[in-house]
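I opened my notebook to look up a few features in this structure. My entries follow in the order I made them.

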Amino acid sequence: MTSNQLGKAVTSSPWARRLLASSSYRQSRRRHPNVSSFRSPSSLTCYHINTATDQNERRQQPQYYFSRPFSSSSSPPPEQPPQGDEIEFQAETRQLLDIVTHSLYTDKEVFLRELVSNASDALEKLRHLQTAGEISSDGGDDAAIPLEIRITTDEAANTLTISDTGIGMTRDDMVSNLGTIARSGSKAFVQEMNMKSQLGGGGGGTDAAIGQGIIGKFGVGFYSGFMVADRVDVRSKPAANATTADAPPLVWSSTGSGSYTISPLPDAVRQDRGSSIVLHLRPECSDYANESTVEKILKRYSNFVGYPIYLNGNRVNTLDAIWLHDPKSVSQDTHAAFYKYISHMYDEPLDTLHFRMDAPLDIKALFYIPSFHQEKYGMGRMEPGVSLYCRKVLIESKSPDILPEWCRFVKGVVDSEDLPLSISREKPQDTKLVGKMRKALTRKIISHLATMAKKDTEKYKTEFYREYGFFLKEGVCQDYESQKPLSKLLYFETSKGMAGELVSLDGYVSRCPP
């Protein structure tokens, strides 16, 4: 049967005759004289194709073709992307490394936070593998080596060395972890351990427990060292196990120009288990070879890292991250000492709020209300007093996003392992989630103040409200979402009361005649 005969046979059906006579078909024919299509009740598509060039011939020899779409629905099949060769994106390694090291971070001093965090991760990996039994912690030369971070400054040689006694690296580890930009060895380790745990092959616990002490996740922190150094050497010896017992120590070296070398470590240089990062500082960055400068940075960013940090033989991180402890287990003396450390003040805190939350994300928070504030002495508007941490590492000091502005008198710490961070780990990334966290923390503070006003009214009126009533009134005017609960915390003098006697708005209304 020819195509013309097939078209005539199909168009002889009743539904086809109705469609050919319909207005939609005639409009389609006017727009596309040579090709038109329409849908049949049985999901058949009718295509009218006329290749004749003469108008009379076009009228006499129409041809119709019918086809059924792949889908059984009446809607047309989705448009498929054009097929072609799949080609991977290419990257200019030298330019990418330059972006990571010179355009990613706001402050150069952050490099020390990143390298110390990497050292802490190396120690945490070794501790986990020892707990899981994959690396023996008994016997051998490595057994006597403590888990610690050692930092050495050398002003004469203009170098800074960060060493750890962690898991160390083999040649393959150096290639995959140091030679691949944006590949996080710590993240890969957590994924590998989780997979082993799910498959029942060990791994040492739940997903949360495995990744709890791991800090790194982006794989770019190591390259921050090139911000201050014109050459970086990494000496490493892997922890002994069945496959690395005889692995020799190696040295990885690069100038950040797009290439690196890996070679055996000279016999004259000693390297125990773990890794040592040697930064050959640029002349303009020689300050980072100064002990006092390095100590200041360590206490600012890494003072609560879980492993001991020694700077030229002296321990730096002597404080504990008490906000991670059970609130009932922390004494008042410990709170007083910690408050003075984070607030840089000499007074005792008026009140303490220590709690944990799991919505909208996992949060550990520790807030202090000082016994006085500085604004009343004409010292200018105070900065926010709460800093943001992630896994005990400082992310943002005096963050303006954690609490509303009227809460600037509150001092403290907020730590969240679940909060998405920017790749430089200097700011939270998900502003919507930060907003939810801010609302939850604000409600918690207001609820705590309401409890104080109810259970210890005299302390609230004479100590807290006389000092901070102005901030609450500011919140009523500026924080619309908290306006109603804040208004219940306000106290006023009345014409029937004694001079200086305060009464709450609810108390005043309750005394009004009916």
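**Entry 1**

I am working with a predicted model. I began with Arg127, which is partly exposed at a relative accessible area of 33%. What does the side chain of Arg127 meet in a salt bridge? I found Glu124 there, with 2.6 Å from N to O. I then looked up the cover on Glu124. At 10% relative accessibility, Glu124 is buried, because the cut-off for buried is under 20%. I also checked where the two residues sit. Arg127 and Glu124 both belong to helix H6, residues 110-132. They are three residues apart, about one turn of the helix.

**Entry 2: the other salt bridges**

How many salt bridges does a search of the whole structure find? I noted 18. I picked out two more of them to read closely.

I took Asp233 and Arg231 next. Their closest N and O atoms are 2.9 Å apart, and the two residues form a salt bridge. Is Asp233 buried or exposed? I wrote down buried, at a relative accessible area of 10%. Arg231 is partly exposed, at 32%.

Then I went to Arg381 and Glu474. They form a salt bridge too, with 3.0 Å between the closest N and O atoms. I looked up where each partner lies. Arg381 is in the loop between S13 and strand S14 (385-390), and Glu474 is in helix H13 (residues 457-478), so this pair ties together parts that are 93 residues apart in sequence. Arg381 is partly exposed, with a relative accessible area of 47%. Glu474 is buried, with 10%.

**Entry 3: a strand pair**

I turned to strand S12, residues 351-357. Five of its seven residues are buried, and I noted the strand as mostly covered. I looked for its pairing with strand S13, residues 363-369. S12 and S13 run in the antiparallel sense and pair over seven bridges. What joins S12 to S13? I found a hairpin that passes through five residues. I also looked up one facing position. Met357 has Ile363 of S13 opposite.

**Entry 4: a nonpolar patch**

I searched the surface next. Which residues make the nonpolar surface patch of about 360 Å²? I wrote down Phe492, Leu505, Tyr508 and Val509. I asked where they come from. Helix H15, residues 505-510, gives the largest share of the patch, with three residues. Phe492 sits in strand S17, residues 491-492. Phe492 is partly exposed, with a relative accessible area of 35%.

**Entry 5: cysteines**

I ended with disulfides. A disulfide is a covalent bond between the sulfur atoms of two cysteines. I needed a cut-off here: the two sulfur atoms must be within 2.5 Å. How many disulfides does the count come to by this rule? I recorded zero. I still looked up the cover on two cysteines. Cys285 is buried, at 2% relative accessibility. Cys390 is also buried, with a relative accessible area of 5%.

Terms used
Residues numbered from 1 in each chain as written. Predicted model: local features only at pLDDT ≥ 70, side-chain atom pairs only at ≥ 80, totals over all residues. Heavy atoms only, no water. Buried < 20%, exposed > 50% of the residue type's maximum accessible area, 1.4 Å probe, protein only. Helix = DSSP H or I, 4+ residues; strand = E, 2+ residues; numbered from the N terminus. Pairing = 2+ DSSP bridges. Salt bridge = Lys/Arg side-chain N within 4 Å of Asp/Glu carboxyl O. Patch = residues over 30% accessible without salt bridge, like charges linked within 9 Å, V, L, I, M, F, W, Y side chains within 5 Å. Areas by Shrake-Rupley, 256 points an atom, 1.4 Å probe, with all protein chains shown as cover.
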